[in-house]
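Morning, everyone. I'll take a few minutes to walk through one model, starting with the whole chain and then zooming in on a few spots.

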Amino acid sequence: MKCFPILILITCFTLSLAAQKPDWCKKLPRPAYAKLERVPIANNWFEVYKIRPGVFAIYEPHQFEEVISYLIAGSNRALLVDTGMGIGNIKEVVEKLTTLPVSVLNSHTHNDHVGDNWRFNDIYGMDTAFTRANARGSKTDAQAELAPGEICGSLPKGFDSKAYSTKPFRITHWLNGGDKINLGGRTLEVIATPGHTPDAIALFDAQNRLLFTGDSFYLGPIYLYRPETDLDAYVSSMQKLAALAPHPELLLPSHNVPVADPAYLPRVVTAIQEVRQGEIKPIVTDGKHEYVFKDFSFLMR
Ligand SMILES: [Zn+2]
């Protein structure tokens, strides 16, 4: 009889752990991370990896999206490409990595990439109606990120789940495709890649041959099902990236794994064309069609 309460305790403890360990998170860490250089920062929500000199991936492994933001430093200033989910405080992390003035530019303005924009004063935005609408903030998409099975482990201390929303932010500089951002000793070209969203961009550091692909390409299911997705535009954008000169030597995507081989770009072009020509049989789940290729897939309506 004495051990009975202990048994209950153990059962409860095990159950609560199980609730915080959905299937996707049992597979973490993804094998690719073993080869990356981890930067030790004291933070329970973010992990930081140094990808190249002056290029840091800021990864959020505790939420299903596994979002990756990037800090890119020049000699005069730094650019933060995306600000993550807004669940942990990314500004605190950035301040540990650089003392340079930091500007923000979003790979696109879906909620999981603009969550901490509100903490920054200097923000670039693509000159589109979609960007302007998202800068007003929203709550629905943010709340969906906390649905059962979305969180792996614990939320940061003091985080208020009920109040969680994407806070409004103010864009201070408007950009168009072809614009360049000079960080001092490093220039990034803004490549408009509409498709996933109307304001999707890739950023090309031609000198170092690094291509930040946003959500246009990453290893995993690429979301192409939302109302704002334009498939014709997506095909053109991927063709543009596959034809870049000089060829990038590394892709830095915005989800799952921060490094990918540029050889994927022409494969994505071929794959999406096969899908559109009806040559690939999809897996249908919850009304969505997933077209599966090696290491990536397209999740469509
Ligand atoms: Zn997105």
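Let's start with how much is tucked away: of the 301 residues of the protein chain, 38% count as buried. By buried I mean that 20 or more other C-beta atoms lie within 10 Å of the residue's own; exposed is 12 or fewer, partly exposed is in between, and the C-beta atoms are placed from the backbone. Before I go on, a caveat: this is a predicted model, so local features need pLDDT of at least 70 and side-chain atom pairs count only at pLDDT 80 or more, while totals for chains, interfaces and linings use all residues. Residues are numbered from 1 along each chain as its sequence is written.

What's it built from? The protein chain has 8 helices and 17 strands. Those are DSSP runs numbered from the N terminus, with helices being H or I of at least four residues and strands being E of at least two. The radius of gyration is 20 Å, close to the 19 Å from the globule rule for 301 residues, so the chain is as compact as a globular protein of that length. That radius is taken over C-alpha atoms, and the rule is 2.2 Å times the number of residues to the power 0.38. Along its principal axes, the C-alpha trace spans about 75 × 50 × 40 Å.

Now contacts, meaning two residues whose C-beta atoms, placed from the backbone, lie within 7 Å. Among contacts with a separation of 6 or more, 62% come from residues 24 or more positions apart.

On to the inside. Which residues have the most contacts inside the largest nonpolar core? They're Ile58, Tyr70, Leu71 and Ile72, in a core of 64 residues. Such a core is a set of buried Ala, Val, Leu, Ile, Met, Phe, Trp, Tyr and Cys residues joined through C-beta atoms within 7 Å. Helix α8, residues 264–276, gives the largest share of this core, with 6 residues. As for Tyr70, leaving out residues up to four places away in sequence, its contacts are Val55, Phe56, Ala57, Ile58, Val81, Phe212 and Leu252.

Next, a bit of strand pairing, which here needs at least two DSSP bridges between the strands. Strand β1, residues 37–39, runs antiparallel to β2 with 3 bridges, and Val39 stands opposite Val48 in β2. Is Val39 buried or partly exposed? Partly exposed, because it has 15 C-beta neighbours inside 10 Å. Beyond its neighbours within four places in sequence, Val39 contacts Val48, Tyr49, Lys50 and Phe56.

β2 then pairs with β3, also in the antiparallel sense, over 5 bridges. Here Lys50 stands opposite Phe56 in β3. The two strands form a hairpin with 2 residues between them, and Gly54 in the turn has a positive phi of about 75 degrees.

Further along there's a parallel stretch. β5 (residues 78–81) and β6 (residues 102–105) are joined by 4 bridges, with Ala78 partnered to Val102. β6 also runs parallel to β7 (residues 123–126), through 2 bridges, and there Val104 stands opposite Ile123.

Helix α3, residues 90–97, makes a right-handed β-α-β unit with β5 and β6. Right-handed means that, with the strands pointing away from the viewer, the path from the first strand over the helix to the second runs clockwise. The buried residues of α3 are Ile90, Val93 and Val94. Down the axis of α3 they fall within an arc of 100 degrees, so they line one face of the helix; the arc is that of the directions from the helix axis to the C-beta atoms. An α-helix has 3.6 residues a turn, so residues three or four places apart point the same way. Those buried residues pack against β2, β3, β4, β5 and β6.

Leu28 and Pro29 are joined by a cis peptide bond, omega about -5 degrees, and Pro29 lies in the loop between α2 and β1. Ala245 to Pro246 is cis as well, with omega near -5 degrees.

Two aspartates have positive phi. Asp82, in the loop between β5 and α3, has phi near 80 degrees and counts as buried because it has 29 C-beta neighbours inside 10 Å. Asp286, in the loop between β15 and β16, has phi of about 50 degrees, and with 4 C-beta neighbours inside 10 Å it counts as exposed.
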